[in-house]
Amino acid sequence: MAGTGTIRNVQGNHACALGAIAAGCRFFAGYPITPSSEVAERMARELPGVKGVFIQMEDEIASMGAVIGASLGGVKAMTATSGPGFSLMQENIGYAAQTETPCVIVNVMRGGPSTGMPTRPSQGDIMQARWGTHGDHPVIVLAPASVKEVYDEMIRAFGLAERLRVPVIVLFDEVIGHLLESVELAPPAPGALVGRKWAQGPGQSHRPGAAGDDMVPAMARPGDGYRAHTTGLTHDETGFPTQDPVAVDRFLRRLLGKIDHHRKSIESYETVAPDDAGIVVAAIGVTSRAARRAVKTARDEGIKAGLFRPITLWPFPTEPFLRAARRAKAVLVPEMNAGQMCLEIERICPDTVSVVSLGRIDGEPISPDEILAAIRKIGA
Amino acid sequence: MNVTSHISAEGFDVRDYLRLDLFPHFLCPGCGHGMALRALMWALHERGTSMDRLAVVCGIGCSGRLGAYIDANTFHVTHGRPLAFATGLALARPDLEVVVITGDGDCLAIGGNHLIHACRRNLNMTCLMLNNEVYGMTGGQVSPTTAEFRFTTTTPQGNHEPGFDACKLAEAAGAGFVGREATLQVPTLKDLIVEALDHDGFSFVEVISDCTEIYGRKNALGNSPEMILSQKAGMRPDSYGNKVDEPFRPNPFRTGVLARTDRPEYRVHNIGHRENLSEPRSRGLDDNG
């Protein structure tokens, strides 16, 4: 993706909107909320120029509903919000997962719980992004750490959502959302926008068809003659509800299994010095930027530190992480919450590795010095 | 007199419009919702609406289950949210005829906020609210339209809250078209739905329906035919001049077209929105354009 885009100085939230437009997003429904409102404002400005639709709905529940409605109609659609709005969206995010309706949900994280601290950064929604809606459900969560990466990950988010028919959540903190950086807004790479698979051809019945080897069924577009039924009730491949245990088990195992099946193409991460790292720092978002500085300083001091930065947060890139931490005696997990990603890392690390949480919940970003101090303490 | 023409269903067989492979349907014996469904199908038949171009969005509850029986593009969404989903669908696909089927609980309780804003926006779609005064699917709990003093499983001493007049609400919130009819008069209901579908803007139609098995039984309102015939006593068509005997329903209701405005439809001010956003399949949705 190099060489053809324009260079602009933009904030993360604007890059988010521009990435969505570049990805072909033509529908945005949202509700104002700090610190994500600039995404909506930018979309309201950009969409009419590309014959898209922007609508401000009455709340986040309606926003998510409208996004899914537009996507069911065949249009790439998204919303953007923050903690309290993200909570309201969970109901319909579950509907998108159950009905395999592609959509992108941006959550610019602020301090919680409840109204919390609207203007302060946080990474407190890591677990909610994965488990926020009820029941076992598939979801993909991407966690960009720079303005440029927000732009690129929005393009990737739409690609994954459309190709795998799954809701994709793009999760970044208030600092990234309001950070100004010069970035190249490159057009999507060829193949990055491989779209949705539509049911076509003869046999136009209620049945859009079962999933093939890729575990992703074709979607029936309204108006194409399939006259399909879409329901949040558990259904079989005909689209109609069922309570037959065999059909239900088959449906849900495919729904969950398609993420694992495509794991390799979903996973994305960055490592620093994974080959000899005795202490691996695992961090996302703005915290990973502080961690990068701390790791560099630690190495200058002779401590063999490394960095693992998940860009795909869920499914957590388990194997790449274990490879990066293969020589580690300790993993340090700095995050702006009381220890959420830390739980996942504890779960996947062998018992021989000590997992240390560095959680900060006072609304302040974690500084390189704090991380460096923790590295030194472990290293000592 | 064209009375016969408007009540005869010449050339109309409801079975042509239904997914008969899903029958028998799940509605209770005597439920009024089947008549509402018939009226809707009849109206669509009369207008010659293509079922391929028809999108029906339903909420949760007995009313929400009707969508599955309609042989069209049908969407059974989350509780109270069909108007929100329909808003996205209608904006993305102005080529579709969007009909929402909802109930009194779905539309006025959990979905009340979406209703008032859908009325205010006046986006072209038709909303049928089937009012049976009760949460039937969950076993008969009190709803926002349950008449005062009626018994439900959650009002064992009788309902002490006043009911909602959904049509007044819709009119006040700005709906372009507001009407009400009872399942007693299917041909009249059909005519009302035709008018609602023809209206360019947000059309709200309240259908007075009956829950005989749960609500009727609990309140000793008689059997199904008795309940339907009793609807008449509650009606206040303008022609009655409000001079009928004591109404059967504690909350008497006006029927017919109750409000119609020529407010511009939502998209009139959004010219760019009139185009179909969904690219033709031949070009594919994966184009960056």
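**Exercise 1. Work out how β10(A) is joined to strand β2 of chain B, and which way the two run.**

Step 1. Keep in mind that this is a predicted model, where local features need pLDDT of at least 70, side-chain atom pairs count only at pLDDT 80 or more, and totals for chains, interfaces and linings use all residues. Residues are numbered from 1 along each chain as its sequence is written, while chains are lettered from A and ligands numbered from 1 in the order in which they are written.

Step 2. Look for β2(B) at residues 73–76: three bridges join β10(A) to this strand, and the two run parallel. Strands here are DSSP runs of E, at least two residues, and helices are runs of H or I, at least four residues, numbered from the N terminus. Two strands pair if DSSP finds at least two bridges between them.

Step 3. Pick out one bridge: A:T230 has B:F75 as its partner in β2(B).

**Exercise 2. Trace the open sheet of eight strands and find its edges.**

Step 1. Walk across the sheet in the order β10(A)-β2(B)-β1(B)-β3(B)-β4(B)-β8(B)-β7(B)-β9(B); the pairing is mixed.

Step 2. Check the ends. The edge strands are β10 (229–231) of chain A and β9 (256–260) of chain B, each pairing on one side only.

Step 3. Axes are lines fitted to C-alpha atoms, for helices over the stretch in contact, and angles run from 0 to 180 degrees between N-to-C directions.

Step 4. Zoom in on β1 (residues 54–58) and β3 (residues 97–103) of chain B, which run parallel and are joined by five bridges. Here B:V56 sits opposite B:V99 of β3(B).

Step 5. Residues are in contact if their C-beta atoms, placed from the backbone, lie within 7 Å.

**Exercise 3. Describe how α3(A) and α3(B) cross.**

Step 1. Take the axes of α3 (residues 60–72) of chain A and α3 (residues 82–92) of chain B: they come within 6 Å and cross at roughly 40 degrees.

Step 2. Classify the angle. That makes α3(A) oblique to α3(B), given that angles under 35 degrees count as roughly parallel, over 145 as roughly antiparallel, 65 to 115 as roughly perpendicular and the rest as oblique.

Step 3. Assign the hand: this crossing is right-handed. A crossing is right-handed if the near helix is turned clockwise from the far one by less than a right angle, left-handed if anticlockwise.

Step 4. Sort the contact residues by class: 13 nonpolar, four polar and no charged. Ala, Val, Leu, Ile, Met, Phe, Trp, Tyr, Cys and Pro count as nonpolar, Asp, Glu, Lys and Arg as charged, and the others, Gly among them, as polar.

**Exercise 4. Tally the contact between chain A and chain B.**

Step 1. Count each side: chain A puts in 49 residues and chain B 40 residues.

Step 2. Find the top contributor on the side of chain A that touches chain B: α3(A) gives the most, with nine residues.

Conventions. Two residues are in contact if their C-beta atoms, placed from the backbone, lie within 7 Å.
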